[in-house]
Amino acid sequence: MTDRIEAAAAELRPLLQEFILWAPGNAPDADPDLVGSVALWHRLVARDDARVWKRADLRRVLVDRMPQVAEDPEAAADGMVPAVRAYLTFLAGTGRLAAGSDSLTDLLEELDAVEDDFVEAMEEAAGEREWDEEDDEDLDEEEVEGLGDFEPFADELAELPTIRLRPDAELAAAVREVPLIRTAAALALWVGESRKVGEETLLGDDEIREALAVTGLPEPSGTPLAQSVPALWNLWNLAVDLEFLTPDGEDTVSVDEDTAAWPFENDDDVLDLWMLGLHSVDYGDPELDDDDLTLALSGLTRALLIRLLVAGGERSLPELRAELAEAAAEYDDLGPSAWAELDDPLASCVSWLAGYGMVTVEGEAIRLTALGTEGVVHLLDDDDVEVDARPAIEAMTALDLLSLSADLPEEEADAEFAAWMQRREPATAAEELLAAAAEDEADALIRVQAASLVGTLGPVAVPAWRRALEEPSLRPYAATHLAQLGVEDAPEPSQADTHWLILDMWTISAGLGTPEFVSSLHDIGPTPVLTNLLEVIWKVPHPNVADLLELITESHPDRQVAKAAKRALFKARSAGAPAAR
């Protein structure tokens with residue numbers, strides 16, 4: 001169907017464009033934009049020839065089809081019939097109403113006859129959509145108001161002082177000691193190669209007993225056994241999450257070949273694996289015999305985590321129990337009953353979080369670990385809830401600093417830079433910043449940030465600037481700053497260097513939106529100056545030159561500029577510039 005729609009739309013486009021030009025002088029009160037969908041569906045469901053119209057087509061298209069497909073039923077009810085009347089008049093008056101059609105008089109008479117039915121159908125469609133939207137809003141509200149939702153804490157999170165995240169090496173070392181990962185790996189190794197799993201229960205009773213022994217879990221007295229070992233199935237699911245276990249056909253699973261190498265040596269691999277299992281925090285939620293009661297406490301572990309973070313990382317367990325008991329009652333009518341069923345509703349939450357390295361418990365105090373803080377920050381990011389979390393200053397790389405500074409107010413960015421500089425010599429800092437800027441030549445913002453910061457270091461940065469001359473993306477900045485510092489035998493900035501700086505400026509402004517981008521083009525000067533620049537700037541081997549030239553052709557209001565950009569784009573592509581993305 002999609003292909004048919006595209007083909008029909010392409011066929012109709014010239015005809016509709018002629019109608020749009022005809023309408024202002026002949027039917028000024030009609031909205032020609034409302035005709036496109038009518039003409040399209042007439043072509044798709046009524047006639048093979050878009051210029052043939054019969055009386056019956058009007059009811060079929062307007063009453064039977066348009067209420068189902070109109071994007072704005074209310075606007076259609078108000079203006080579509082007058083627009084169609086103008087369109088039929090246009091077809092007849094310009095000789096485009098093909099042979100075999102009913103007369104314009106008959107068509108307009110039929111249009112008047114179906115108008116009331118059309119308007120009624122559109123009003124019903126609008127009403128149904130309002131109900132659907134209200135249902136969606138109600139559903140969204142229900143989804144937001146969950147026990148484990150983070151959004152209600154957004155204001156409190158915004159008021160927290162900056163959260164400093166620990167270095168990757170420190171976090172990776174902690175992950176290597178996480179008990180649940182070690183146990184999940186042991187379970188996966190026991191599963192081995194191509195183990196058959198059942199349809200109703202993954203493992204048979206004898207296999208379950210072996211798995212319990214491997215994982216150190218006690219054998220329960222309840223029957224059936226498979227329904228009495230939720231902790232084992234949580235570990236099984238964790239092994240799947242961590243990719244220690246992988247499907248091997250419809251009814252078999254196998255241990256991943258890398259599992260035996262746990263704990264891995266590479267810090268990045270270790271942290272990546274831990275992140276794969278982060279959402280296993282939900283396995284800490286209590287499981288009761290009654291499914292409805294279990295659901296009432298769904299999200300309890302997340303609710304515990306967010307309250308710890310908001311409190312600065314530490315809470316009293318008795319206080320948390322009391323607060324979460326109230327929250328459970330607030331979010332679900334069955335919350336109090338579910339809470340009363342358990343001796344300690346938080347026991348499973350705390351046990352899982354401790355096992356995953358996210359909390360520690362001493363007496364009645366529970367604390368987030370560095371891993372726990374890292375984990376909650378990532379969970380908040382997954383839910384698009386903002387929190388000011390930054391790498392610890394001692395762990396912050398030059399690239400971390402540049403990426404962070406780009407999103408901070410100037411005063412905060414300056415403070416981060418000052419704190420970062422206290423931990424290294426200025427000459428070393430210059431080397432690190434320029435090396436970070438060279439990692440991605442397409443990232444103009446990082447490059448500009450780096451050049452700006454290194455520029456504040458003065459003559460001590462000269463050796464770093466000299467080395468940057470060898471890096472094409474940094475050479476324009478290096479040449480400019482060396483010239484400003486009056487360094488002898490340093491190359492003078494070339495025209496190509498200047499053009500590269502302009503392209504970087506345009507790249508950054510393009511990321512801010514079309515108005516900002518067009519404004520940066522106006523900053524170059526009058527139209528002749530800009531068109532002359534476009535005649536030569538395409539030669540610069542900048543990674544974004546094709547994107548920028550294409551954007552100019554699409555967004556600049558001056559046709560002369562747009563044409564110059566289009567010519568430049570053609571030349572750039574012919575010369576081998578990267579295709580616009």
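**Close-up views of aromatic and helix contacts**

Trp22 counts as buried, because its relative accessibility is 18% (buried means under 20% relative accessible area, exposed over 50% and partly exposed in between, with a 1.4 Å probe and protein chains only). The model is predicted, so local features need pLDDT of at least 70 and side-chain atom pairs count only at pLDDT 80 or more, while totals for chains, interfaces and linings use all residues. Residues are numbered from 1 along each chain as its sequence is written, and side-chain values use heavy atoms, with hydrogens and water left out.

**View A. The aromatic pair of Trp22 and Phe90.** The count of aromatic pairs comes to 11 (rings of Phe, Tyr and Trp, the last by its six-membered ring, pair if their centres lie within 6.5 Å; planes under 30 degrees apart count as stacked, over 60 as edge-to-face and the rest as tilted). Trp22 and Phe90 form a tilted pair, 5.4 Å centre to centre with 55° between the planes. Trp22 belongs to helix α1 (residues 2–26) and Phe90 to helix α4 (residues 73–93), so the pair ties together parts that are 68 residues apart in sequence. Helices (H or I, at least four residues) and strands (E, at least two) are DSSP runs, numbered from the N terminus. Phe90 counts as buried, at 1% relative accessibility. Both residues belong to one aromatic cluster formed by Phe19, Trp22, Trp53, Tyr87 and Phe90.

**View B. The aromatic pair of Trp274 and Tyr356.** The ring centres of Trp274 and Tyr356 are 5.4 Å apart and the planes lie at 15°, so this pair is stacked. Trp274 lies in helix α11 (residues 267–276) and Tyr356 in the loop between α16 (347–355) and β6 (359–362), so that distant parts of the chain, 82 residues apart, are linked. Trp274 is buried at 1% relative accessibility, and Tyr356 is buried with a relative accessible area of 0%.

**View C. Arginine charges over tryptophan rings.** The charged end of Arg195 sits over the ring of Trp190, 4.0 Å from its centre (NZ of Lys or CZ of Arg within 6 Å of the ring centre and within 35 degrees of the ring normal). The charged end of Arg424 sits over the ring of Trp420, 3.9 Å from the ring centre.

**View D. Packing of helices α7 and α17.** Helix α7 (residues 168–175) and helix α17 (residues 370–382) pack at an angle of about 105°, with their axes 9 Å apart. Axes are lines fitted to C-alpha atoms, for helices over the stretch in contact, and angles run from 0 to 180 degrees between N-to-C directions. Helix α7 is therefore roughly perpendicular to α17 (65 to 115 degrees; under 35 counts as roughly parallel, over 145 as roughly antiparallel and the rest as oblique). Glu170, Leu171, Ala174 and Val175 of α7 meet Ala370, Leu371 and Glu374 of α17, contact meaning heavy atoms within 4.5 Å.
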